[in-house]
Structure formats: structure tokens, C-alpha cells
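I opened this structure to take notes for a reader who has not seen it before. My entries follow in the order in which I looked things up.

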Amino acid sequence: MSIYAVHYTYCDNADAIAAGRPAHRAYLGSLVEAGSLLASGPYVDTAPDQALLIFSADSAEAVAAFLAGDPFQKDGLVASHTITQWNPVLGVFAAQV
């Protein structure tokens, strides 16, 4: 397994994001329970709103498949995202590699 960092930039629709957040977080919670999502959360004080998600997966394509199931993605609330393989050499995520 490899570690991937995903950077989300959300659309500029705070009401839709707030309405969709429970389903988004429930979906991400299911990925945590499955061991695929290691951590996630919004950046603080960014405009537009952005978030970081850390995945353990076999490939970037597998991460893209996880993202495709995210209600925020399905509802068009993610304006853009990037998937980058990451090599943590120290700390709690280094043990995952």
C-alpha cells in the first residue's frame, strides 16, 4: 500500500456544502472504518474552502474511485482536487508505508 494526499477545493456555495456535509462525513467515516482513509479535515482560514484527505491505497486510480463515491463529488461541491502519492518518512503515517 502507498499513501496519497488529496487536496480538495470546494465550490463557492456555503449553503449546499453545509447541507451535504453530514452525508460527506458519513461516507468518509465509512472509508476510515475500512482502513482506506487515514485522516481528513478542512484547512483553517482558506478562501475558497479547502481540505486535506490522506489515503492508504494500491494506486491513485483506487483513490480516484473512493473520491467518486463521495457525496460532495457526486453533488458537484468539489471544484477541484489533486491526488499526489506521498512518502511520509517520519511520524504516524510512516508506519503505514
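**Ser 36 and the loop**

I began with Ser 36, which is buried, its relative accessible area being 12%. The model I am reading is a predicted one. I placed Ser 36 in the loop between H1 and E2. I then listed what Ser 36 touches, leaving out residues up to four places away in sequence: Leu 31, Ile 54, Phe 55, Ser 56 and Phe 66.

**Leu 37**

I moved on to Leu 37, which lies in strand E2. Is Leu 37 buried or exposed? I found a relative accessibility of 2%, so Leu 37 counts as buried, the cut-off being under 20%. Apart from neighbours within four places in sequence, I noted contacts from Leu 37 to Leu 28, Leu 31, Val 32, Leu 53, Ile 54 and Phe 55. Phe 55 is also the bridge partner of Leu 37 in E3. I also checked Leu 37 against Val 63, which is 26 residues away along the chain, and found 9.3 Å between their C-alpha atoms.

I looked next at E3, which covers residues 50–57. How many of the eight residues of E3 are buried? I counted seven, and noted the strand as mostly covered. E2, residues 37–42, is joined to E3 by five bridges, and the two run antiparallel. E1, residues 2–10, also pairs with E3 in the antiparallel sense, over eight bridges. In that pairing I found Ile 3 opposite Ser 56 of E3.

**His 24**

I turned to helix H1, residues 14–34, which holds His 24. His 24 has a relative accessible area of 5% and is buried. Which residues is His 24 in contact with, leaving aside its neighbours within four places in sequence? I found Tyr 8, Tyr 10, Asp 70, Pro 71 and Phe 72.

**The largest pocket**

I looked for open space and found about 310 Å³ in the largest pocket. Its lining has 19 residues, and the closest to its centre are Tyr 10, Arg 21, Arg 25, Pro 42 and Ala 51. The elements giving two or more residues to this lining are E1, H1, E2 and E3. Which element gives the most to the lining of the largest pocket? I noted H1, with seven residues.

**The whole chain**

I finished with the chain as a whole. I counted three helices and four strands, and read their order along the sequence as β-α-β-β-α-α-β. The radius of gyration is 13 Å, close to the 13 Å that the globule rule gives for 97 residues, so the chain is as compact as a globular protein of that length. Along its principal axes, the C-alpha trace spans about 40 × 25 × 20 Å.

Of the 97 residues in the chain, 33% are buried. Among contacts with a separation of 6 or more, 69% are between residues 24 or more positions apart. The accessible surface comes to about 5,500 Å², and carbon and sulfur atoms hold 55% of it.

Methods. Residues numbered from 1 in each chain as written. Predicted model: local features only at pLDDT ≥ 70, side-chain atom pairs only at ≥ 80, totals over all residues. Heavy atoms only, no water. Buried < 20%, exposed > 50% of the residue type's maximum accessible area, 1.4 Å probe, protein only. Pairing = 2+ DSSP bridges. Contact = heavy atoms within 4.5 Å. Rg over C-alpha atoms; globule rule 2.2 N^0.38 Å. Areas by Shrake-Rupley, 256 points an atom, 1.4 Å probe, with all protein chains shown as cover. 1 Å grid on protein atoms, 1.4 Å probe; cavity = no way out; pocket = protein on both sides within 12 Å on 5 of 7 lines; lining within 4 Å. Points joined across faces, edges and corners; volume = space filled by probe spheres on them.
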